[in-house]
Amino acid sequence: MDRTFLIKPVLDAEYPLIDYGKGVYLYDAEGKEYLDASSGAITANIGHGVQEIIDAMEEQAKKVSFVYRSQFTSEPAEKLARKIANLSIANLNWCFFVNSGSEATETAMKIAIQYWQEKGVYTKTKVLSRWMSYHGITLGALSMSGHTGRRARFIPLLEDFPVIQPPYCYRCPYNKEAPDCGYLCAHELEAIIKRIGADHIAAFIAEPVIGAAGGAITPPKEYYKVIKEICERHNILFIADEVMTGFGRTGTMLACEQWDVEPDIVTLGKGMGAGYTPIAAALVGDHVMEPILNGSKTIMGGHTLSANPQACAVSLAVIEYLEKNKIIPEVEEKGNYLKNKLMYLQKVYPFIGDVRGRGLMIGLEFVQDPIKKEPFPRRMKLTETLISVAQENGILVYPAGAGTDGINGDAVMIAPPLTITVKEMDDLIGRLERTFQQYY
Ligand code: PLP
């Protein structure tokens, strides 16, 4: 290995050196073109090199890039909080800015615990979650994450929070189909609450559509209504982790709008800065803030760069770009176009077991036998090699799947920038098919 100073995800792997990006394409230093069909890590929601964002960065940098949030507020932070509150579900009017999705979910966890403390309840400290989930890499966020691979090394440091199975209809643990299943996987939550005792549980957290750990696993229509009703009945807050799904990725500003459910706290990240800046947020309901406003009047959380004016100005520019170009209203149609093409590929390539997802967050699960849904053996998971074969073919796809109960989690996500055109989607399919041909 050459002596190197940058710690890369795989230390001895070769990574192409990226030169620049334009729209849905990235170009490396050797001039090779990549279609960014994963928006990086489902982040570059408006594509690369957007001039309006670059202009907004410059404009804010000329004014001020940093002020400390306990000394000053700033116009971009105030405007962004108001904007996000107006764009999201009615009751979510309070915005706490952080710098990454992990910080957002960990902040949400802490606000949930603080909420109960401010009401005089000190025993409600657990945050329940699902297996096959990912809420971040910091210890609190990882504790809530049901991603076996990412947890493994730190198990002694983690609270064992994931408790229920995911709404994984493709491999339903009950061998049933929605809606006749009666949403047994959601009702598992009630049994667990009774076992642990609601007195010990502050909140339940879930990704509306499961991303990194599952590959766009999409629950049936009534699922979150059942979850929310159980949470409400047992005095448990519901946190929707929309770090990946938020900002239009699934066709609405927040994915949970599509399940008609109102979370008490929502986390945002990734698409919020669209890759132009690190920024994330916990959005908090009026009713959750109320005891805090009447009590300590301060949220115990935050980071040096929280509510950073430079980052907030960029995020505002991203939202303005989304609005001006009416991007979110087109996501559903674009997603359907892409999904139909992928379903066609599924007929040709039998190792594509499942095509799922909402909007432009689409998952493909690979199997050895599509009828029996038999997964490839662990060491032969298609995802292991497919990502790099795809990259050689000039297309970037996102590996997903944490595995559960003996299933390896062999899936990828196709989640291009929301700005992708029909012509570019055809190009995406062509590059993907060339990749699949190498496996057939
Ligand atoms: N929550 C969800 C749903 C995510 O998908 C991720 C990252 O993939 C996170 C939280 C953590 O975000 P970050 O990597 O920005 O810390």
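Analyst: Two strands pair if DSSP finds at least two bridges between them. Helices (H or I, at least four residues) and strands (E, at least two) are DSSP runs, numbered from the N terminus. The model here is predicted: local features need pLDDT of at least 70, side-chain atom pairs count only at pLDDT 80 or more, and totals for chains, interfaces and linings use all residues. Residues are numbered from 1 along each chain as its sequence is written.

User: Happy to start with strands. How do you know that β12 and β14 pair, and in which sense?

Analyst: Strand β12 (residues 361–366) and strand β14 (residues 411–414) have four bridges between them, in the antiparallel sense.

User: Why are α3 and α10 called oblique?

Analyst: Helix α3 (residues 75–87) and helix α10 (residues 309–324) pack at about 40 degrees, with axes 8 Å apart. Under 35 degrees would be roughly parallel, 65 to 115 roughly perpendicular and over 145 roughly antiparallel, and the rest is oblique. The pair falls in the rest, and is therefore oblique.

User: Which residues make that contact, and how do they divide?

Analyst: From α3 come Pro76, Ala77, Lys79, Leu80 and Lys83, and from α10 come Pro309, Cys312, Ala313, Ser315, Leu316 and Ile319. They divide into eight nonpolar, one polar and two charged. Here Ala, Val, Leu, Ile, Met, Phe, Trp, Tyr, Cys and Pro are nonpolar, Asp, Glu, Lys and Arg charged, and the others, Gly among them, polar.

User: What makes β1 hardly covered?

Analyst: None of the five residues of β1 (residues 18–22) is buried. Buried takes 20 or more other C-beta atoms within 10 Å of a residue's own; 12 or fewer is exposed, and in between is partly exposed.

User: And what do β1 and β2 form together?

Analyst: A hairpin, with two residues between the strands; Gly23 in the turn has a positive phi of about 60 degrees. β1 and β2 (residues 25–28) pair in the antiparallel sense over four bridges, and Ile18 stands opposite Asp28.

User: Which residues of α8 are buried, and what do they pack against?

Analyst: In helix α8 (residues 223–233), they are Tyr223, Tyr224, Val226, Ile227, Lys228, Ile230 and Cys231. They pack against α7, β7 and β8. Just after α8, Asn235 has a positive phi of about 55 degrees.

User: In what order do the seven strands of the other open sheet run?

Analyst: The order is β4-β10-β9-β8-β7-β5-β6, with mixed pairing. β4 (92–98) and β6 (162–164) are the edge strands, each pairing on one side only. Inside, β5 (residues 126–130) and β7 (residues 201–206) pair in the parallel sense over three bridges.

Notes
Axes fitted to C-alpha atoms, helices over the stretch in contact; angles between N-to-C directions. Contact = placed C-beta atoms within 7 Å.
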